[in-house]
Amino acid sequence: MIPQIDLGRQHAGLRDELLAAAARVIDSCRFVLGPEGQALERELAALCGARHGVGTGSGTDALLLALKAVGVGPGDEVVTSAFSFVASATTVVMAGATPVFVDVDPVTCNLDPSLVERAITPRTRAIVPVHLYGQPARMDALCELARARRVAVVADAAQAVGASYAGRPLAEWGDVSILSFYPTKNLGGCGDGGMVLTTRDDVAERVRLLRDHGAPRRYTHVELGGCSRLDELQAALLRVKLGRLAGWNERRRAIAARYSTALAGLPLGLPAEQPPAQHVYHQYAVRSAKREALAAALAARGVGTAIHYPATIPAQPVFSHPNADREFPAATQAAAEVLCLPCFPELTDAEVGLVVDAVKHAVAEVM
Ligand SMILES: *Cc1c(COP(=O)(O)O)cnc(C)c1O
């Protein structure tokens, strides 16, 4: 059986280092807002081209606090993608604003800048580009649009840590980018965690307040904040993995390149890197109108797959957007067709070959 993802393999190679890092934190008795978190914030900010990193309790919280920090609140609209993980839109509502869904590019499944432009109104406060599957959205066009219309860019980079656009690391684009350390992400913790990355001093300062009870000093509470900090254990474990991230992302790209070469010519939609975006293949998502049959045929051949995501966000019961299918045709079609193949750094070359053979046979069976 070739699993769609296998964290056990990643941890087997790092076990001693992870345990040593955990022991260091346990022995220190500093568990919240200490040196490990500060070091991780510095290291990730440097890697991603930001001036500041602010750790949070999850990627969802990072997005919520980033939206609040750029001033999103009641009465505002935020333009976001119709095809992403639900948090790309629920956080807008939690910030008190209204999500305005926009359809995606049918090939990359990322925000289509021309549709974003049409969705901007005088109430728009921010745009949330999502770097879906690890491929950066069209940040040049989106940032230019945002500048012209005086709205903020808060990028959901949960799936794209380490990626770049036009040779520049992602956090150099827009006002804020957020990361998630959910265990299956390209840089995943052993639990929940997230980070806000920004070049803006004011935004970093505001997120630091919002994540820690609105307190610039202990027992002085200047605004309504919550409790969403990245704990020291997670930070220490993440720092072990951060040293491997560049190599892991290279390996993901190599696996994707092999799939794309070997599967070209089949009646399947293949993911395409669209320069100047540099893709870090959090997922390798193929497209097929016979997705369910293909997944079943692959499972019968011992290849695990996953569907990210089976429905558009506006079609989710929580939003129940009327006519979601007609209004967001590209997102709706993607939700019906995407199938993610195994794509994680520890996959062996032999396994990549087996997946390729299995896909060829499965496609022949179901088409
Ligand atoms: C994982 C993810 C999130 C949420 O991150 P959590 O850490 O699970 O809260 C948000 N947006 C996208 C696109 C994601 O993939």
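**Briefing: fold and surface of a predicted chain**

Of the contacts in the protein chain with a separation of 6 or more, 71% are between residues 24 or more positions apart. The model is predicted. The protein chain holds 13 helices and twelve strands. Its radius of gyration is 20 Å, close to the 21 Å that the globule rule gives for 367 residues, so the protein chain is as compact as a globular protein of that length.

**Dimensions and burial**

- The C-alpha trace of the protein chain spans about 65 × 55 × 35 Å along its principal axes.
- Of the 367 residues in the protein chain, 56% are buried.

**Surface and charge**

- The protein chain has an accessible surface of about 15,100 Å².
- Carbon and sulfur atoms contribute 54% of that accessible surface.
- The protein chain carries 36 positive and 38 negative charges.
- The mean positions of the positive and the negative charges lie 2 Å apart.

**A three-stranded sheet**

- Three strands form an open sheet in the order β7-β6-β10, and their pairing is antiparallel.
- The edge strands of this sheet are β7 (168-169) and β10 (277-278), each of which pairs on one side only.
- Strand β6 covers residues 164-165 and is joined to β7 by two bridges, with the two strands running antiparallel.
- S164 has P169, in β7, as its bridge partner.

Technical notes: Residues are numbered from 1 along each chain as its sequence is written. This is a predicted model: local features need pLDDT of at least 70, side-chain atom pairs count only at pLDDT 80 or more; totals for chains, interfaces and linings use all residues. Side-chain values use heavy atoms; hydrogens and water are left out. Two strands pair if DSSP finds at least two bridges between them. Helices (H or I, at least four residues) and strands (E, at least two) are DSSP runs, numbered from the N terminus. The radius of gyration is taken over C-alpha atoms; the globule rule is 2.2 Å times the number of residues to the power 0.38. Buried means under 20% relative accessible area, exposed over 50%, partly exposed in between (1.4 Å probe, protein chains only). Contact means heavy atoms within 4.5 Å. Accessible areas come from the Shrake-Rupley method with a 1.4 Å probe; for residues, only the protein chains shown count as cover. Lys and Arg count as positive and Asp and Glu as negative; His and the chain ends are not counted. The place of a charge is taken as NZ of Lys, CZ of Arg, CG of Asp or CD of Glu.
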